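Have a look at the structure, then read on.

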Amino acid sequence: MCLANAGGTIQPRCAGCMRLSKNSKTCQTCKSWLNIYAIYVATLYEGIYEQMIRSFKFNVRRQTAIPMAKMLYDVIPSDLPDGIIVSPLPTAPSRIRQRGFDHATLLAKKLVANLSNSKEAPWNGCFRALLGRKTNIRQLGSSRSQRIEQMKNEFFVPNPQQVAGKQILLVDDVMTTGASISAAAKVLKEAGAKRIYATIFAQKT
Ligand SMILES: [Zn+2]
């Protein structure tokens, strides 16, 4: 049985165009710019979920990562490929300095801790930070493809051997335009990654 999105508050859909999609797979049109095979989104950025993120990131309530990771866990199908690596979408170093912690790394670690407690999950102990991120002074272009190309300059793969031929699940708390995660996926693919999945706590629409 496929458990995709059993625990989310929204129906499975393509995160690029928001059209309903079986197992949260990215549609053909959006795959061309998102570079991601499927994006498992737990909820929308609104109400109590927006408050959870604000409390987590800005009030530094690190324990909020636990219920957030549980919700991510509940929308990720149990039949992801063996050997998939769970990697955070890295936060800009300037933001980490402001907040004192890297929220996406903490979320990804809690997610893996959750998965490791599950007997069904064949992908235990698979946390690895595969991407690095520089802080650039951003002058983002107006078109989506310009923004993605410029965001690509912020990400790098410190160790390409860890990426080559791998399937990777990127983790982040919020997706807005998708430019960051799309750029990160493109950088991983250019380093030889086979297929990129992603999971996002809340999507801004
Ligand atoms: Zn789409």
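1. A quick definition to start: two residues are in contact if their C-beta atoms, placed from the backbone, lie within 7 Å. By that rule, and leaving aside neighbours within four places in sequence, R99 is in contact with K57 and V60. R99 and K57 sit 42 residues apart in sequence, yet 7.3 Å apart in space, C-alpha to C-alpha.

2. Before going further, some ground rules. This is a predicted model, where local features need pLDDT of at least 70, side-chain atom pairs count only at pLDDT 80 or more, and totals for chains, interfaces and linings use all residues. Residues are numbered from 1 along each chain as its sequence is written.

3. The chain has 7 helices and 6 strands (DSSP runs numbered from the N terminus: helices are H or I, at least four residues; strands are E, at least two). Their order along the sequence is α-β-α-α-β-α-α-β-α-β-β-α-β. R99 belongs to helix α4, residues 93–99.

4. Across the chain's 205 residues, 42% are buried.

5. Now the largest nonpolar core, with 58 residues: L72, L111, L170, A184 and L188 touch the most other members. Such a core is a set of buried Ala, Val, Leu, Ile, Met, Phe, Trp, Tyr and Cys residues joined through C-beta atoms within 7 Å. Not counting residues up to four places away in sequence, A184 touches L89, L131, F155 and L170.

Notes
A residue is buried if 20 or more other C-beta atoms lie within 10 Å of its own, exposed if 12 or fewer, and partly exposed in between; C-beta atoms are placed from the backbone.
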